[in-house]
Amino acid sequence: MTIEQNKLSYDHILVRFGELSTKGKNRKDFIKRLLTNVKNALRDFNELTYERTHDRMYIMLNGEDHEAVAKHLQQVFGISSFSFAVKVASDIEVIKQTCLVLAKQSDAQTFKIEARRSFKQFPMVSDEINREVAGEILRNTDIKVNVREPQLRIQIELHQEATYIMTGKIKGNGGYPVGVGGKALVMLSGGIDSPVACYMTMKRGVAIECIHYASPPYTSQAAQDKVLELARAIAPYQGHIRLHIIPFTDLQLAIYKNCDESYAITIMRRMMYRIAERVAQKQNCLAIVNGESIGQVASQTLESMQTINCVTDMPVIRPVACLDKLEIIDISQKIGTYDISIQPFEDCCTIFTPKNPVTKPTKHRAERLEGRFDFTSLIEDCIARMESVDIYPGRNMIEENENIF
C-alpha cells in the first residue's frame with residue numbers, strides 16, 4: 001500500500017460474529033470452531049493468515065484476491081458480516097490520508113464517516129475523528145456529506161495496535177459454526193425440500209451426514225447422480241458431505257407385495273426411519289432430519305407423521321415443517337439447489353406413489369400390515385449393502401460414483 005500513488009488495495013478482511021455474541025461462557029469454543037471452519041473453507045488460498053480477538057476475526061490477504069476469498073467466506077455459518085479493509089497505523093494523519101484516497105477512488109457523490117474507537121487513550125473521541133476525516137475529504141474533493149443515505153460509507157475501527165478502514169459491509173450467512181451443535185443424519189431425496197433442510201440444519205451449528213434410498217432398476221443412475229449433485233451443492237457449507245446410499249429395492253417391493261396400496265407410503269416411510277436410526281447410531285448422529293412440510297403430501301399430515309415417527313426414539317427434526325412451498329423454493333434458489341432438484345429424475349418416494357394414499361393412518365393398522373412379512377431381515381440386508389461416499393466441492397462426479405453398487 002502506497003498512499004502517494006493515490007491508489008489503495010485491500011490487505012485484510014475483517015469478520016464480525018453473529019449470534020456468537022450471545023453464547024456467554026461457550027463463546028470461546030464457538031469462535032475457535034468458527035476459525036477452524038473459516039480456514040477449511042479457505043484452504044485453497046495458501047497465503048492467508050488469521051488472527052482472532054474476542055469480537056472480531058482478521059484475515060490477512062497477503063496478496064490473495066479479496067473477491068475470490070469473499071465468495072467462499074459467504075458460505076461459512078457463524079459470520080454476521082465482513083468487510084474488506086486497509087490496515088494502517090493508529091495515527092490521525094495516516095487515517096485522514098487513507099480515507100481521502102479511498103474517497104477519491106470511489107465514484108460516489110456522497111459519503112459518511114463512521115468511527116469506532118476501542119483504544120480509549122487515543123486523544124480524539126469518535127465524533128472528533130468523524131469530523132476531522134470528513135473535513136479532509138470535503139476540502140480535497142467534490143463529494144458531499146450525507147449521513148442518512150450515503151453512497152460511500154467509510155468505517156474506521158481504531159485500536160491501539162492498528163486501525164482498520166473499510167468502505168462496505170457484506171452480509172454473512174449468520175447462524176452458528178457448523179459442528180458446535182453435534183451431528184445429525186439427513187434423509188436426502190432428489191426433491192426441493194430436503195436440501196433446504198440440510199442447509200437450515202447446518203445453519204444452527206449441526207454438522208450433517210446424509211442418507212439416500214435408491215431402488216434400482218426402478219430408479220435410474222441419473223436419479224442417483226442428481227442426489228450426488230445436490231450433496232455437492234451443499235457441501236461447501238461444512239467442507240464435505242458423507243452420503244450413505246441404501247439399496248431399497250427388495251424392501252420396497254416386499255412392502256407393495258404384502259401391504260395395502262393405500263398404506264404403502266406409510267409403511268415405506270416407517271422402514272426408512274428404522275434404517276435411518278440404525279445408520280445414525282452407527283455414525284454417532286444425535287438426530288434424524290428430513291424435509292417434511294406439514295400437509296404437503298399424504299405422508300406429511302400430522303396423523304401420518306405420528307404413525308411414521310413412532311418407530312424411532314431418536315429426535316426427528318423437520319426444519320421446513322412450517323414453511324410453505326414458495327418459501328422453500330426461495331431458499332433452494334438462494335443456495336443453488338433448485339435447478340438441480342427440478343431435474344426430471346424420480347426417486348423411490350415418487351416412482352411407486354399409490355393412487356389413493358391414506359392421509360390419516362393409524363399405528364395399529366400399520367403394525368398389522370407389517371406383520372405380514374419379515375421386514376427385519378430385509379432392513380438388515382439394506383444396511384449390510386449400504387455404500388458410503390464422501391463428497392467434496394468441485395470433485396468429479398465420476399470419481400464419486402466409483403464402486404457405488
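Colleague: Which residue has its backbone nitrogen 2.9 Å from a polar atom of the side chain of Thr 110?

Modeller: That residue is Gln 151, whose backbone nitrogen lies 2.9 Å from a polar atom of the Thr 110 side chain. This is a predicted model, in which local features need pLDDT of at least 70 and side-chain atom pairs count only at pLDDT 80 or more, whereas totals for chains, interfaces and linings use all residues. Residues are numbered from 1 along each chain as its sequence is written, and side-chain values use heavy atoms, with hydrogens and water left out.

Colleague: Where is Thr 110 found, and which residues is Thr 110 in contact with, leaving aside its neighbours within four places in sequence?

Modeller: Thr 110 belongs to strand S5, residues 110-117 (strands are DSSP runs of E, at least two residues, and helices runs of H or I, at least four, numbered from the N terminus). Once neighbours within four places in sequence are set aside, Thr 110 is in contact (heavy atoms within 4.5 Å) with Ile 143, Lys 144, Asn 146, Glu 149, Pro 150, Gln 151 and Leu 152. Thr 110 counts as buried because its relative accessible area is 15%, buried meaning under 20% with a 1.4 Å probe and protein chains only.

Colleague: Is Ile 59 buried or exposed?

Modeller: Ile 59, which sits in strand S3, residues 56-60, is buried because its relative accessibility is 0%. From C-alpha to C-alpha, Ile 59 and Leu 14 are 6.5 Å apart in space, although 45 residues separate them in sequence.

Colleague: How should I read the way H5 and H10 pack?

Modeller: Two packed helices are described by the angle between their axes and by the distance between those axes. Helix H5 (residues 193-203) and helix H10 (residues 325-335) pack at about 70°, their axes being 9 Å apart, and they are therefore roughly perpendicular to each other (65 to 115 degrees). On the H5 side the contact is made by Asp 193, Pro 195, Val 196, Tyr 199 and Met 200, and on the H10 side by Lys 325, Ile 328, Ile 331, Ser 332, Lys 334 and Ile 335.

Colleague: How many of the residues of H5 are buried?

Modeller: Nine of its 11 residues are buried, so H5 is largely enclosed by the rest of the structure; among the buried ones are Asp 193, Pro 195, Val 196 and Tyr 199, which also take part in the contact with H10. After H5 comes Gly 205, with a positive phi near 90°.

Colleague: At what angle do H7 and H14 pack?

Modeller: Helix H7 (residues 249-258) and helix H14 (residues 375-384) pack at about 155°, with axes 9 Å apart, and are therefore roughly antiparallel (over 145 degrees). Asp 250, Leu 251 and Ala 254 of H7 meet Phe 375, Leu 378, Ile 379, Asp 381 and Cys 382 of H14.

Colleague: What does the chain as a whole look like in terms of helices and strands?

Modeller: The protein chain has 15 helices and 15 strands, and its C-alpha trace spans about 85 × 40 × 40 Å along the principal axes. Of its 405 residues, 53% count as buried, and 79% of the contacts between residues at least 6 apart in sequence join residues at least 24 apart.

Notes:
Buried < 20%, exposed > 50% of the residue type's maximum accessible area, 1.4 Å probe, protein only. Polar contact = N/O pair within 3.5 Å; in protein donor to acceptor, adjacent residues only side chain to side chain. Axes fitted to C-alpha atoms, helices over the stretch in contact; angles between N-to-C directions. Parallel < 35°, antiparallel > 145°, perpendicular 65-115°, else oblique.
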